[in-house]
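Open the model in your viewer and keep the selection tool at hand. The stops below are meant to be taken in order.

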Amino acid sequence: MTDMTNRTDGAPRMQVYTGGRIFTAGARPWASAIVVHDERILYVGDDATAARIAAPDAERTDLAGRVVLPGFVDGHAHVVETGKAARQVDLWGAGDLDEIRSRISSAAAQNPAAPRVFAQGWQHSAIDGAPDRRLLDDMVADRPLYLQAHDLHSIWLNTAALAEVGIDEATESPAGGRIHRDAAGRLTGVVDEIAMHQLVWGVLDSFATEDDNDAAVRTALAGYRASGVTAATDMALDEAQLAALRRVLQAGELTARITAHWLVHPTGDLDENLAQVARAAELLAEGDDDWLRVVGVKLMVDGTVDGCTAAVRTPYVNGALPEAIWSLDDLAPVVAAADAAGLKVAMHAIGDEAVRIAIAAVERAIAVNGPRSRRHRIEHLEVVDPEEIERLAALGIVASMQPVHSDPAIQANWREMLGDERVERGYPWPEMTDQGARLVFGTDSPTSPFAPLPNMFIASTRRSALDPSLEPNLARYALPLTDAIRHATADAAWACGAEGRYGSLAAGLYADFVVLDRDVFDAAPEVLLEARVVTTVVGGRRLHAV
């Protein structure tokens, strides 16, 4: 295929792609041709009409029957953290402590001069018993070792790392987080939720230079181009990350469209909480750039099932019944302020009690602020009652969910921690759409791999992308592939207010699309695990081609 990105004569660029099988994710779902004029789509339809519309000197590409999809829109991602994770020791898929030890020891030996060792992706089910810092000391004792859990809700430190961040036996756990101790009161090295944010991440962020953050953005973007992600919604942006994205944008190297939700931390002080919302409102008012926009706020209402920190109504098997990170009384005025400012509110709520709180906060905002356009959303919704689904749908709340989190290969600990009938209703995607809610798919990378096609395999089969031989995880919740792709493209764009820009293939929208090396619609589902993106086009520019 001819690369048009270097044309410099100032004339409009016209490209014609014909002979394909094009899924538009729009009202007319199938086409065979696309005509691109500069950055935008001029026409999507049949080959003959495309030939008549196109200029005589248009660049022409024969798709030769290949499948074309809208560029994927990761509905929930952490862009900078995704880039950072790609350069750390990868523990994703490590099934036991021996495998974790092997990977970390190998990486530490290969980089003896590195002042500290970072790893990411360990799963609770890989550890027999409770994690303890002495297990990590046996792997790396001469320098700090940080193991970020796969869900990004807890981190595991060796003794040197605890000393580096200043956590000792006298350090108290802040509200909404926990410094874990064993039965004798000794530090285990595990720090979760708000304690992790305040006591560990803050120190680790101080180690990162601007160059480090910029490199992380570029690393994430390279992965996006190769896998067909042309846009993403960043779900926990802060000042340092925003600055990095802006620098990459100014350098002309931002190759995926980023909308972002500003992370609002619970401080226990309403004025401080509202000041964070005001900062997000300032960023919203700064402009409407098609490459980088702050559109909302993000609030962490609870934690995770794996860590037994998700707020649930019925205790976990170990008897834990954690409180939500945000109480309704603290959350409601923040949501109302964001709603009044025109910000989209995204609330992380995994447990059924957290979901109830999130919905109630939106109800209060509606009562306070009256009729207005809203696209508020709840993230994850892993344990949710049917009546709450009906409530959120009636209120127009978006259900933002991640198929990759339901992969059977990583469900053992999730199911064990709940241990009752709740495991039979995990990740109930069709129940959302059956009630009329807008369903958005993402990956929550780097808590999970960001590649879209394996995510679509899980969504359309409920089987494991890591081990396809495993039994499906509640097969009745599988979706048709076309629906899954819509949730990961058009619906994800709609949720961030970008449906008039990208997310589907239609005249007037940006020419953001991907070409696959094989047909994923008329084949066994496993083809989604084998298919590759051969071309990624963003704004009419071919940014990836093999």
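Is His380 buried or exposed? Select His380: it is buried, with a relative accessible area of 3%. Buried means under 20% relative accessible area, exposed means over 50%, and partly exposed lies in between, using a 1.4 Å probe and protein chains only.

Before moving on, note that this is a predicted model, in which local features need pLDDT of at least 70, side-chain atom pairs count only at pLDDT 80 or more, and totals for chains, interfaces and linings use all residues. Residues are numbered from 1 along each chain as its sequence is written, and side-chain values use heavy atoms, with hydrogens and water left out.

**Stop 1: the end of β19**

His380 belongs to strand β19 (residues 377–380). Helices (H or I, at least four residues) and strands (E, at least two) are DSSP runs, numbered from the N terminus. Check the backbone of His380: phi is positive, about 95°, although the residue is not a glycine. Now select Leu381, which is in the loop between β19 and α12 (386–394). Leu381 is not a glycine either, and has a positive phi of about 50°. Its relative accessibility is 0%, so Leu381 counts as buried.

**Stop 2: helix α12**

Follow the chain into α12 and select Glu388, Ile389, Leu392 and Ala393, which are buried. Viewed down the axis of α12, the buried residues fall within an arc of 135°, so they line one face of the helix. The arc is that of the directions from the helix axis to the C-beta atoms. Show α11 (352–369) and α14 (429–434) as well; both are included in what covers the buried residues of α12. Just after α12, Gly396 takes a positive phi of about 75°.

**Stop 3: the pair α9 and α10**

Two packed helices are described by the angle between their axes and the distance between the axes. Select helix α9 (residues 270–285) and helix α10 (residues 328–340), whose axes come within 10 Å and cross at roughly 30°. That makes α9 roughly parallel to α10. Axes are lines fitted to C-alpha atoms, for helices over the stretch in contact, and angles run from 0 to 180 degrees between N-to-C directions. Angles under 35 degrees count as roughly parallel, over 145 as roughly antiparallel, 65 to 115 as roughly perpendicular, and the rest as oblique.

Which residues of α9 and α10 meet? Leu270, Asn273, Leu274 and Val277 in α9 meet Pro333, Val334, Ala337 and Ala338 in α10. Contact means heavy atoms within 4.5 Å.

**Stop 4: Ser445 to Pro446**

Go to the loop between β21 (439–441) and α15 (452–461), where Pro446 is placed. The peptide bond from Ser445 to Pro446 is cis, with omega near 10°.

**Stop 5: Ser504**

Ser504 is in the loop between α17 (490–495) and β22 (513–516). Ser504 is buried, at a relative accessible area of 14%. Not counting residues up to four places away in sequence, Ser504 touches Thr24, Ala25, Gly26, Pro70, Ala490 and Leu509.

**Stop 6: Gln88**

Last, select Gln88, in the loop between α2 (79–85) and β9 (89–90). At 24% relative accessibility, Gln88 counts as partly exposed. Leaving aside neighbours within four places in sequence, Gln88 is in contact with Phe118, Ala119 and Gln120. Gln88 and Gly121 are 33 residues apart in sequence and 9.6 Å apart in space, C-alpha to C-alpha.
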